Amino acid sequence: MTGSIKGLERFDSPGKGRGLRVTTAFKVGELLFSSPAYAYVLSLKERGCYCEFCFTRKEGLARCGKCKKAFYCNVKCQKGDWAMHKLECSAMIAFKENWCPSEITRLVARILAKKKTQKERCASEQLLLIEEIQSHVEDVDNDKREMNESDIAGLHRFYSKHLEIPSHIDLLTLFSQVACNGFTIEDDELTHMGAAVYPDVALINHSCVPSVIVTYNGTTAEVRAVTDMKPGDEVLISYIDLLYPTDDRNNRLRESYYFSCDCRECKSKSKDKAKLKVRKRSDAIEPEVINNMVRYARRTIKEFRALKEIKTPSELLEMCEQSLEEMGAVFHDSNVYMLHMMYQAMGVCLYMQDIEGAVSYGEKILKPYSQLYPAYSLNVSSMYLKLGRLYMGLDKRSIGLSTLKKAMAIMEVAHGKDHFYLTELRKEMAQK
């Protein structure tokens, strides 16, 4: 017996398998549906900033009296979280600094605990049961399999006391399901807060020209229209960052989700030329030089990702500056590979509290972002937010307010006008 969600239906999407479509019209900014998480977990980095149970950010959270590691709004939140927190509480005390499960392992542990106590279809499974989520376990390559094996070892090591752990084959399937269908919960500036599984939302297929966007209200996922939709239209989200050119997007989709996209943007590649813009010179740049620079850019992005946790901030900033200088000889400043490294440089500047440096990079990024991303993109709104807040911090109130207003215009569609983030932003802007 399946449940139902008003205005939506599950269907067989040609060439994609299961999908979701609307049975009534939806306007831009309208909420299609919201879904509580089947299971979720707060990132360890955010402990002490957010309540583990409801993901509210506030000062003066109360600490768990036993492990002293988890934080809550009040006793009600602590009691609400105990069924999940008890999986970790005593283990954190016993293992001390050796307690180190990955985030996906922590999420899988919570899914297993929920499955044990869940006797019937829950509110996040109106159209798709957790068991029905696609796993692609047969497509997993050796590197991912090794990672899964390591995560499974972590599950046995840190959770066996409180969990009945299923067979190895079932665990490989579950870890693959979560890797393909898990959602990253992010705040208004796209900072990673945690991870969750939403079976009904996982039913939505990908397109590089999405019709909806998923945002979060606490631990609840909300799905809103970013285009006007008529009955019969498929509900489509983007699984990946849409900044990059077609080949890069499809490489990422194949690598993480085991399919290629054939949406109208992937067929036409209409934005690729702007995304890969090169400098204007009196002598035209040879195609081979451009191709070599694209290879260099992809390699540098990969290297930077690998070294992010190893190198010092000043070394990382130097790496950004060197690559920007190298690429800048061929690429225009609005080329996506330039933008990628500028964004990384901005992040490093913020970490080093070099506000002027961060603003300088942010200003170069903002206009190309608003041209290259789709309408109502969270990547664009988060950049307006970051930059607006930096201006306000530098007492540049006029430009700060106009920049925050642009963030608000996108967020009112993506998050809904009554979202907590918008309420807080309005207060922020009203302060003298």
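**Briefing: one buried proline and the elements beyond**

Pro 368 counts as buried, because its relative accessibility is 8% (buried means under 20% relative accessible area, exposed over 50%, partly exposed in between, with a 1.4 Å probe and protein chains only). The model is predicted: local features need pLDDT of at least 70, side-chain atom pairs count only at pLDDT 80 or more, and totals for chains, interfaces and linings use all residues. Residues are numbered from 1 along each chain as its sequence is written, and side-chain values use heavy atoms, with hydrogens and water left out.

- Pro 368 sits in helix α12, which spans residues 355–372. Helices (H or I, at least four residues) and strands (E, at least two) are DSSP runs, numbered from the N terminus.
- Leaving aside neighbours within four places in sequence, Pro 368 is in contact with Ser 334 and Leu 339 (contact means heavy atoms within 4.5 Å).
- How far apart are Pro 368 and Met 429 in sequence and in space? They are 61 residues apart in sequence and 25 Å apart in space, C-alpha to C-alpha.
- Asn 181 belongs to helix α4, residues 168–181.
- Is Asn 181 buried or exposed? Asn 181 is buried, because its relative accessibility is 11%.
- The side chain of Asn 181 reaches the backbone oxygen of Gln 134 at 2.8 Å. A polar contact is a pair of N or O atoms within 3.5 Å; within protein, one must be able to donate a hydrogen and the other to accept it, and residues adjacent in sequence count only if both atoms are side-chain atoms.
- Gln 134 is also on the list of residues that Asn 181 touches, along with Ile 133 and Ala 202. That list does not count residues up to four places away in sequence.

**A hairpin**

- Strands β1 (residues 8–13) and β2 (residues 17–22) pair in the antiparallel sense over 6 bridges. Two strands pair if DSSP finds at least two bridges between them.
- Ser 13 stands opposite Gly 17 in β2.
- How many residues lie between β1 and β2 in the hairpin? There are 3 residues between them.
- Gly 15 is in the turn, with a positive phi of about 80°.

**The sheet β3-β11-β10**

- Its 3 strands form an open sheet in that order, and the pairing is antiparallel.
- β3 (31–35) and β10 (212–217) are at the edges, each with a single partner strand, so one side of each has no neighbour in the sheet.
- From one strand to the next, the twist averages 20°. Axes are lines fitted to C-alpha atoms, for helices over the stretch in contact, and angles run from 0 to 180 degrees between N-to-C directions.
- β10 and β11 (residues 220–225) pair over 6 bridges in the antiparallel sense.
- Val 212 has Ala 225 in β11 as its bridge partner.

**The sheet β4-β8-β7**

- Here 3 strands form an open sheet in the order β4-β8-β7, with antiparallel pairing.
- Which strands stand at the edges? They are β4 (39–42) and β7 (183–186); each has a single partner strand, so one side of each is left without a neighbour in the sheet.
- The twist averages 25° from one strand to the next.
- β7 pairs with β8 (residues 192–197) over 4 bridges, in the antiparallel sense.
- Glu 186 stands opposite His 192 in β8.
- Helix α2 (residues 103–117) lies across β4 and β8, and runs at about 140° to β4.

**A helix pair**

- Helix α9 (residues 287–307) packs with helix α11 (residues 336–351) at an angle of about 25°. Their axes are 10 Å apart.
- The two helices α9 and α11 are therefore roughly parallel to each other (angles under 35 degrees count as roughly parallel, over 145 as roughly antiparallel, 65 to 115 as roughly perpendicular and the rest as oblique).
- α9 passes α11 in a left-handed crossing. A crossing is left-handed if the near helix is turned anticlockwise from the far one by less than a right angle, and right-handed if clockwise.
- Residues making the contact include Val 294, Ile 301 and Phe 304 of α9, and Tyr 337, Met 341 and Val 348 of α11.

**Positive phi outside glycine**

- Gln 353 is not a glycine, yet has a positive phi of about 60°.
- Gln 353 lies in the loop between α11 and α12. With a relative accessible area of 68%, Gln 353 is exposed.
- Tyr 376 has a positive phi near 60°, and is a residue other than glycine.
- Where does Tyr 376 lie? Tyr 376 is in the loop between α12 and α13 (378–393).
- Tyr 376 is partly exposed, with a relative accessible area of 29%.
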